[in-house]
Amino acid sequence: MIAKKLLILTGILVLLFGFAACSSTDNVQISITYPGGSNQNGVESIEIEVPKDSTVLDVLDEYAGAQNLEIITSGDPAYVTGIGGINNTDTQGWIYTLNEEIPKKEPGRQKVENKDVIIWTFGDKADMQDGGQ
């Protein structure tokens with residue numbers, strides 16, 4: 001009888017701790033590097049908690065809300081054309097990397113995972129590849 005109660009109690013504890021370990025959010029690092037001469041300062045990386053299945057654009061939106069920055073997007077799927085008053089030009093624009101690689105998807109389609117690192121940089125459009133912007 002005692003063994004049966006211990007087995008049931010163990011099963012309940014396993015279920016409780018198992019569900020607690022399943023998080024419905026991801027923690028993602030994001031930073032933005034502004035061009036020299038802009039009124040904005042480069043920002044240290046900030047960790048943001050976002051719902052699972054969030055995209056790079058979702059993370060940027062969360063960051064922008066927390067920092068009171070304006071984000072401008074264009075098209076569908078959305079490309080980022082401005083961050084914090086720095087807008088794309090004919091020769092330069094916003095580029096993002098995910099875990100030090102330029103993704104082949106637009107930021108609104110690129111999913112993030114727990115502990116991912118996103119860096120937005122304003123750079124030459126000639127350096128941009130496929131969906132990286």
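Which aromatic residue counts as buried at 0% relative accessibility, and which residues form one aromatic cluster?

A: In this predicted model, the residue at 0% relative accessibility is W94, which counts as buried because buried means under 20% relative accessible area. W94 and F122 form an aromatic pair with an edge-to-face arrangement, in which the ring centres are 5.3 Å apart and the planes stand at 70° to each other. Since W94 belongs to strand 6 and F122 to strand 7, which covers residues 117-124, this pair ties together parts that are 28 residues apart in sequence. F122 has a relative accessibility of 11%, and it therefore also counts as buried.

A search of the whole structure finds 3 aromatic pairs, and one of them joins Y34 and W94, again edge-to-face, with 5.8 Å from centre to centre and 90° between the planes. Here Y34 lies in the loop between strand 1 (25-33) and strand 2 (46-51), while W94 lies in strand 6 (residues 92-98), so the pair ties together parts that are 60 residues apart in sequence. Y34 is buried as well, with a relative accessible area of 8%.

Taken together, Y34, W94 and F122 form one aromatic cluster, in which W94 is paired with Y34 and also with F122.

How values were computed
Residues numbered from 1 in each chain as written. Predicted model: local features only at pLDDT ≥ 70, side-chain atom pairs only at ≥ 80, totals over all residues. Heavy atoms only, no water. Phe/Tyr/Trp six-rings, centres within 6.5 Å; stacked < 30°, edge-to-face > 60°. Helix = DSSP H or I, 4+ residues; strand = E, 2+ residues; numbered from the N terminus. Buried < 20%, exposed > 50% of the residue type's maximum accessible area, 1.4 Å probe, protein only.
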